[in-house]
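I opened my notebook for a first look at a structure that is new to me.

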Amino acid sequence: MTTQSANKLENYAHLPAARQTEMTGVRKEFVEGQEFPLGYAQLCFWVVYEAMGETANNLSRLMIEGEIQVGLMEKALNLMLQRHDSLRASIAKSQPVQKIMPYQAYDLAFFDGSEVSEADFNAMVGKISHQMVDKAFDLSHAPLLRAHLFRRSPTQHLMLLCFPHIIADGGAVHLFEQQLMDIYRRLSQGDKHLPGRAETLQIADFVAWERARNAQYGAAANQFWREKLQARPYAAFPPEMLASGALQESDQYLSFPATSFAQLAELAKRHKATLQMCLIAVIGCAVQRVTASSQFSINSVLESREENGTEGLMAALLRVMPVPFSFTSASSFEGVLLQVRQHVLQAYEHKDCPWSVPVGILAEQRWQASPPGYLALIGWCSKLYAKLFRRAELYPRFLADFWLMEPFPPQSWREVLRNAPARAKRGGVAAPVINVNILQSAFKRDTSTDSAAANGVRAAQVSDPNQLLLSEAMSSNWEEDSINFYILDTGHAEPSIRMICSNLNQIGVRKMLAAVEDVLRTASVAPQTIINHAVSTQSN
């Protein structure tokens with residue numbers, strides 16, 4: 001058995017060594033311009049792009065201390081474009097396939113703000129940041145990257161990097177920062193032996209590996225998820241907590257109370273669990289408190305970089321792992337944690353399928369009141385689509401699983417056939433999707449870009465959301481039915497919890513955050529104490 005570090009949240013403890021699979025035998029002969037399928041994590045963002053025209057962009061703000069050469073930084077950026085095929089991908093609009101385009105030199109935008117006031121500099125950064133992140137990428141035109149370098153003083157620079165989510169999740173953004181600074185330092189030292197494409201796992205190889213694993217283990221994984229998630233829908237929230245009218249995004253931060261973070265870490269160690277398992281249990285207990293539901297599921301969003309080679313792959317590798325909960329009147333946090341741990345270890349053995357499979361199983365449970373014939377029609381259309389676009393190598397329920405994620409399923413054929421009212425007029429979603437996202441960067445300060453300075457240059461992610469006049473609130477509504485919890489670095493000694501949603505009103509947001517804070521205190525001080533205020537006698 002292999003024990004993983006509790007702080008390396010994308011890996012789980014005590015997994016059979018056989019699961020630490022090397023990607024051998026799947027290396028594809030590289031041909032520029034040849035089409036190949038999207039990765040399973042990419043498919044979600046392709047659907048969002050097709051349906052809503054949004055690319056859900058990720059923005060990185062890298063503060064670089066020390067004197068740097070702008071021309072050398074531009075060269076380092078271009079070497080990254082040559083190293084990673086995914087950054088030169090052209091992704092089709094008509095079907096989920098991609099092809100790698102030839103490298104073309106990238107001009108790094110540069111602004112010298114050393115002579116302007118701090119207020120003007122911050123305003124400029126804030127303005128350009130929003131321009132970079134709010135404008136959707138045209139996924140058919142490479143490179144899928146935006147970059148802007150600012151000089152604040154001769155020894156301080158700010159690098160803004162923006163990627164569409166289909167190319168870079170949080171783990172990939174963190175990876176890009178590390179590799180970019182590593183290449184810059186090597187260039188500044190005159191190193192002629194730079195890591196390149198041949199030494200790096202590429203997206204085409206990973207996609208082939210994913211398909212091979214699904215072909216071998218996908219059927220068993222599908223059966224596992226259907227059994228585990230049966231009668232475990234998303235929890236229904238009280239109407240008084242739900243938003244009404246136009247959606248308004250709420251973006252709130254919560255610090256861990258007192259010593260709760262350290263105590264949770266100790267509790268995880270004692271039960272041979274991970275911090276991720278603890279935090280999933282915390283959110284699950286908080287959801288139970290505000291909904292009084294006894295059986296439901298929440299989603300844990302993993303950065304999924306545990307396979308050999310993926311730690312250096314520039315691509316979106318997110319995997320959604322639903323976690324079912326069962327509460328009784330005698331449930332304690334410790335008991336819930338052990339329940340989560342058992343499920344996660346089982347789920348890890350059944351992860352070799354598209355993540356949309358288990359999520360689609362959950363989404364389908366929202367459609368119980370919809371016309372049965374309509375569900376059958378969706379399934380038939382999905383199978384037909386997969387057959388028509390064979391180059392995408394889709395599983396038959398691909399389109400259906402994403403279609404069923406519609407937050408407002410029709411209740412009758414009349415609703416199917418007539419135009420539905422605008423989403424902004426429908427109010428909050430009764431059973432929101434709860435996503436728990438834990439970013440690697442929050443726990444990687446010892447190995448991140450700020451850990452090793454060379455030639456007097458040191459880089460670190462700007463993590464304080466109040467710096468540089470940049471609000472992190474997005475104008476996008478592509479996750480309007482979700483309540484997202486992020487565990488992330490905000491520059492303090494411990495990570496913080498960030499909650500984003502647009503389907504709860506102010507009362508709902510306050511109740512949800514208060515429940516999380518209360519569960520954190522209870523879990524860290526008295527984990528064996530009964531934590532449920534009320535448990536319904538019937539499952540949802």
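Below are my entries, grouped by topic.

**Ground rules**

I am working with a predicted model, where local features need pLDDT of at least 70 and side-chain atom pairs count only at pLDDT 80 or more, while totals for chains, interfaces and linings use all residues. Residues are numbered from 1 along each chain as its sequence is written, and side-chain values use heavy atoms, with hydrogens and water left out.

**Entry: two packed helices**

I began with a pair of helices (helices are DSSP runs of H or I with at least four residues, strands are runs of E with at least two, and both are numbered from the N terminus). Two packed helices are described by the angle between their axes and the distance between the axes. For H6 (residues 260-270) and H7 (residues 275-291) I noted an angle of about 115° and axes 9 Å apart. That makes H6 roughly perpendicular to H7. For my own reference, axes are lines fitted to C-alpha atoms, for helices over the stretch in contact, with angles from 0 to 180 degrees between N-to-C directions. Angles under 35 degrees count as roughly parallel, over 145 as roughly antiparallel, 65 to 115 as roughly perpendicular and the rest as oblique.

I also looked up the handedness, and the crossing of H6 and H7 is right-handed. The convention is that a crossing is left-handed if the near helix is turned anticlockwise from the far one by less than a right angle, and right-handed if clockwise.

Lys272 sits in the loop between H6 and H7. Its phi is near 55°, which is a positive value in a residue other than glycine. Lys272 is exposed, at 52% relative accessible area. (Buried means under 20%, exposed over 50%, and partly exposed in between, with a 1.4 Å probe and protein chains only.)

**Entry: salt bridges**

How many salt bridges does the structure hold? I found 18 salt bridges, each being a side-chain nitrogen of Lys or Arg within 4 Å of a carboxyl oxygen of Asp or Glu.

I took Asp251 and Arg498 to start with; their side chains meet in a salt bridge with 2.8 Å from N to O. Asp251 belongs to strand E8 (residues 250-255) and Arg498 to strand E14 (residues 496-501), so the pair ties together parts that are 247 residues apart in sequence. Is Arg498 buried or exposed? Arg498 counts as buried, at 9% relative accessibility, while Asp251 counts as partly exposed at 21%.

Next I returned to H7. Arg289 forms a salt bridge with Asp518, and their closest N and O atoms are 2.2 Å apart. This pair links distant parts of the chain, with Arg289 in helix H7 and Asp518 in helix H13 (residues 506-525), 229 residues apart. Arg289 is buried at 16% relative accessible area, and Asp518 is partly exposed at 31%.

Helix H13 has a further pair for my list. Arg521 and Glu517 form a salt bridge at 3.2 Å, N to O. They are four residues apart in H13, so about one helical turn separates them. Arg521 is partly exposed at 43%, and Glu517 is partly exposed at 24%.

I also jotted down a network of salt bridges linking Arg226, Glu364, Arg397 and Asp401.

**Entry: a nonpolar patch**

Which residues make the nonpolar surface patch? I wrote down Leu377, Trp380, Leu384, Leu388, Trp413 and Leu417, which cover about 680 Å². Such patches are made of residues with over 30% relative accessible area and no salt bridge, with nonpolar side chains (Val, Leu, Ile, Met, Phe, Trp, Tyr) joined within 5 Å and like charges within 9 Å. Accessible areas come from the Shrake-Rupley method with a 1.4 Å probe, and for residues only the protein chains shown count as cover.

Helices H10 (372-388) and H12 (413-417) each supply at least two residues of the patch. H10 gives the largest share, four residues. Leu384 lies in H10 and is partly exposed at 36%.

**Entry: loops**

The peptide bond from Ala142 to Pro143 is cis, with omega near 0°. I located Pro143 in the loop between helix H3 (118-134) and strand E6 (146-153).

Ser304 has a phi near 55°, a positive value in a residue other than glycine. I placed Ser304 in the loop between strands E9 (295-302) and E10 (319-326), and it is buried at 12% relative accessible area.

My last stop was Ala430, in the loop between H12 and strand E11 (433-438). Ala430 and Leu242 are 188 residues apart in sequence and 7.0 Å apart in space, C-alpha to C-alpha.
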